[in-house]
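Hello,

Here is the structure I promised to pass on to you. Please open it first, and then read my notes below alongside it.

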Amino acid sequence: MEVLRGGGLVGLPTETVYGLAADAENELAVRRIFAVKGRPSAHPLIVHLGSLGAAREWVSRLSPEAEALAAAFWPGPLTLVLPRSTRASDAVTGGQGTVAVRVPAHPVAQAVLLAFGGGLAAPSANRFGRVSPTRAEHVVADLGGEVDLVLDGGPSLVGVESTIVDLSGSAPALLRPGGVTREALEGVLGRPLPSRTTGDVRTPGMLPSHYAPRAGLVLSSRGEAGQQASELLSAGRRVAVCAPADVAVPRGAVHLRVPEDIPALARALYDVLRAVDAAAVDVAVVVVPEEAGLGLAVLDRLRRAAAPRGGVE
Ligand code: TXA
Ligand code: MG
């Protein structure tokens, strides 16, 4: 707690991924987050709060739809973008008129937020553009000496970031698929939740090349992964295949086994991307899940990881 009150940075476990947390009302501390992550300073951060009551102080108004989503999914892997109150500074919001708020469910995050009382700004605790951390060891390996304290809350149970829903306009929009499925959100909203990809540079999770391992990724299907791996091997590349255990993988390729079950795949996703790099291959052929439920978030992260590395490093 002294670390946070003193403007320090804490590696904070949440149910989605580990966050790099700092007092959201301390501008110097927030600036340090950007410096340590290597993230451009106009990119807004999510403010984490202990309860819906605390979140109310950061927004100017909670619409009935915001109330309904918060009641249904908080604490949990859902972030709401809402009109900001004066408590949310330009440093946190990137100068926008909205603020992103979330009440995480992880018991360690809950305990820290309860004791701290205020809001904690926390992006994922990885360097800009790289694979998000789902274990305390990942935070230490990626940001090491630049974090004042890393709390170990075990592996993150969801494994992909929170779903971001923009409720600041006339109709709700899905800005980033994540731990709460679109289907579940639509069930509560009682209307469709279309995706919105603004291409706005201030939303880094929305840049094409993100969450990227160093090796190249090729997205594939169960039926075609073996053939694609063979072709890459023939072309002299070192190849890994990320696929369930029963998928046949050609000799010479490294088989990185992934769960069949989608929630388990989401939980393992960032470990698998790290394993690709540890396997020292040039390219990994990845069998992708169906684009439904949590599969939407997994596929979104895999597509970004596979996208050309245009200057996001
Ligand atoms: O699961 C998560 O959300 C994790 C854990 C630590 O809570 N945090 C996380 O933060 O993924 P970060 O900074 O890596 O991603 C936050 C995303 C960014 O794409 C950011 O641009 C967007 O939220 N965002 C933040 N404030 C916003 C706003 N006012 N309007 C639109 N997008 C916003
Ligand atoms: Mg991130």
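One definition before we start: contact means that heavy atoms lie within 4.5 Å. Axes are lines fitted to C-alpha atoms, for helices over the stretch in contact, and angles run from 0 to 180 degrees between N-to-C directions. Helices (H or I, at least four residues) and strands (E, at least two) are DSSP runs, numbered from the N terminus.

Please keep in mind that this is a predicted model, in which local features need pLDDT of at least 70 and side-chain atom pairs count only at pLDDT 80 or more, while totals for chains, interfaces and linings use all residues. Residues are numbered from 1 along each chain as its sequence is written, chains are lettered from A and ligands numbered from 1 in the order in which they are written, and side-chain values use heavy atoms, with hydrogens and water left out.

With that settled, helix H9 (residues 225-234) lies across E10, E11 and strand E13 (283-287), and runs at about 170 degrees to E13. Those strands belong to an open, parallel sheet of four, ordered E10-E13-E11-E12; two strands pair if DSSP finds at least two bridges between them. Strand E10 (216-220) and strand E12 (254-257) form the edges, each pairing on one side only. From one strand to the next, the twist averages 25 degrees. Four parallel bridges join strand E11 (residues 239-243) to E12, and Ala240 has Val254 as its bridge partner in E12.

There is also an open sheet of nine strands with mixed pairing, in the order E7-E1-E2-E6-E3-E5-E4-E8-E9. Its edges are strand E7 (149-150) and E9. E3 and E5 pair in parallel over three bridges, and Ile46 stands opposite Ala100 in E5.

Now to the ligand. Around ligand 1 are 25 residues, of which Thr16, Arg39, His48, Ser162 and Arg176 come nearest; a residue counts as near if one of its heavy atoms lies within 4 Å. Polar contacts (pairs of N or O atoms within 3.5 Å) reach oxygen atoms of ligand 1 from the side chains of Ser162 at 2.5 Å, Thr16 at 2.6 Å and Ser124 at 3.1 Å. The elements giving two or more residues to the shell are strand E3 (46-48), strand E5 (98-102) and strand E9 (173-176), and E5 has the largest share, with three residues.

Best wishes

Conventions
A polar contact is a pair of N or O atoms within 3.5 Å; within protein, one must be able to donate a hydrogen and the other to accept it, and residues adjacent in sequence count only if both atoms are side-chain atoms.
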